[in-house]
Amino acid sequence: MSNLIINGLLQSRNPLLTFRRFRGKINIQRPRPPHYERARVLEVIKPYYKKPEFNAPCIDAERAKEMKSKLDNPYETIIAREARNWFEHSNLVAFVHVNSIKQEDMFKAQVALHRHNVSVKVYGKSIMRKAVADTRFEAILPLFEAKTAIIFSPEVQKIKQVLSVLKKTPQLVLMGGIVEGRLLSKNEFMAYATMPDITTVRAQFAAVLDSVGGKIVGDLQCHQSQLVNLLDAYAKNNSKPSEASPADEKVDS
């Protein structure tokens with residue numbers, strides 16, 4: 001009896017698990033519909049997406065642009081104030097398009113310009129928009145669609161040194177400049193470099209005015225001087241016979 005109880009009732013048996021493949025081939029394109037209860041749950045939790053409008057990307061981009069313009073970045077405001085100060089206190093400004101260039105070569109160009117008291121600055125489009133908006137420099141904004149460096153110098157005479165450094169650095173392409181508050185194209189900027197300085201031009205202009213005044217005085221006195229010369233020659237010719245007459249009298253005697 002005890003053996004029956006131990007062997008039959010109290011003995012635990014482990015379940016035997018066997019795995020078998022699905023008897024049919026699974027159809028991926030047309031799967032079997034789920035069970036009714038599972039289908040109800042899937043229908044309830046199915047996500048619902050609103051159909052976007054046709055011009056939704058354009059509207060979202062315009063809305064993001066408006067939100068970005070409303071946000072005021074204090075750091076950009078400080079940098080924009082600094083850039084405007086550079087424009088207002090520089091008599092020579094050059095705009096240079098920066099192509100692919102090594103930082104080492106860019107540093108060498110900056111050092112070469114710094115030796116001539118010339119500074120190189122690089123600002124973004126948003127900063128430049130804040131810096132030159134509603135000013136006389138607003139026309140330069142299209143130049144900042146790509147990466148552009150700005151060269152500042154308080155002396156206009158440094159234009160030759162700037163062109164010399166840019167000639168040695170082909171990765172920096174000159175696009176134009178501002179000389180004494182006037183916007184110049186590339187050809188006008190290079191032509192301005194060939195002109196002498198203002199002191200030399202003033203001296204040449206003063207010499208021209210002086211020569212013109214002297215020429216006018218000479219033309220006014222030309223007839224009087226010519227008349228005096230003719231009268232002097234006539235007087236000398238008339239005085240020669242009177243001087244020779246005493247000698248003739250002595251010879252006759």
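A: Two strands pair if DSSP finds at least two bridges between them. Helices (H or I, at least four residues) and strands (E, at least two) are themselves DSSP runs, numbered from the N terminus. In this structure, the bridge partner of Val-120 is Ile-151 in β3, and Lys-121 stands opposite Ile-150 of β3. β2 and β3 pair in the antiparallel sense over four bridges.

Q: What conventions apply to the model and its numbering?
A: The model is predicted, so local features need pLDDT of at least 70 and side-chain atom pairs count only at pLDDT 80 or more, whereas totals for chains, interfaces and linings use all residues. Residues are numbered from 1 along each chain as its sequence is written, and side-chain values use heavy atoms, with hydrogens and water left out.

Q: How many helices and strands does the chain have, and in what order do the elements run?
A: The chain has nine helices and five strands. From the N terminus on, the order is α-α-α-α-β-α-β-α-β-α-β-β-α-α.

Q: What is the order of the strands in the sheet?
A: The five strands form an open sheet in the order β2-β3-β1-β4-β5, with antiparallel pairing. At the edges are β2 (119-122) and β5 (182-185), each of which pairs on one side only. On average, neighbouring strands of this sheet are turned by 25° against each other, direction ignored; the strand axes are lines fitted to C-alpha atoms, for helices over the stretch in contact, and angles run from 0 to 180 degrees between N-to-C directions. On its other pairing, β3 joins β1 in the antiparallel sense over six bridges, and the bridge partner of Val-93 in β3 is Phe-152.

Q: Is β3 buried or exposed, and which way do its residues point?
A: In a regular strand the side chains alternate between the two faces of the sheet. Here, Thr-148, Ile-150 and Phe-152 point one way from β3, while Ala-149, Ile-151 and Ser-153 point the other way. Buried means under 20% relative accessible area, exposed over 50%, and partly exposed in between (1.4 Å probe, protein chains only). Six of the six residues of β3 are buried, so this strand is largely enclosed by the rest of the structure. Of the 253 residues of the chain, 19% count as buried.

Q: Where does Lys-147 lie, and is Lys-147 buried or exposed?
A: Lys-147 lies in the loop between α6 and β3. Lys-147 counts as exposed because its relative accessibility is 52%. Lys-147 and His-97 are 50 residues apart in sequence, yet 6.3 Å apart in space, C-alpha to C-alpha.

Q: How is a pair of aromatic rings described?
A: A pair of aromatic rings is described by the distance of the centres and the angle of the planes. Rings of Phe, Tyr and Trp (its six-membered ring) pair if their centres lie within 6.5 Å; planes under 30 degrees apart count as stacked, over 60 as edge-to-face and the rest as tilted. By this rule there are five aromatic pairs. One of them is the tilted pair of Phe-87 and Phe-137, at 5.3 Å centre to centre and 40° between the planes. This pair links distant parts of the chain, 50 residues apart: Phe-87 is in helix α4 (residues 74-88), and Phe-137 is in the loop between α6 (125-132) and β3 (148-153). Both Phe-87 and Phe-137 are buried. The ring centres of Phe-95 and Phe-144 are 6.3 Å apart and their planes are at 85°, so this pair is edge-to-face. Trp-86, Phe-87, Phe-95, Phe-137, Phe-144 and Phe-152 form one aromatic cluster.

Q: Which residues line the largest cavity?
A: On a 1 Å grid over the protein atoms alone, a cavity is a set of points where a 1.4 Å probe fits but cannot get out; lining residues have an atom within 4 Å of a point. Grid points are joined across faces, edges and corners, and a volume is the space filled by probe spheres set on the points. The largest cavity holds about 50 Å³ of space. Its lining consists of Val-96, Met-106, Ala-109, Gln-110, Leu-113, Val-120, Ala-149, Ile-151, Leu-166 and Leu-172. α5 gives the most to this lining, with four residues.

Conventions. 1 Å grid on protein atoms, 1.4 Å probe; cavity = no way out; pocket = protein on both sides within 12 Å on 5 of 7 lines; lining within 4 Å.
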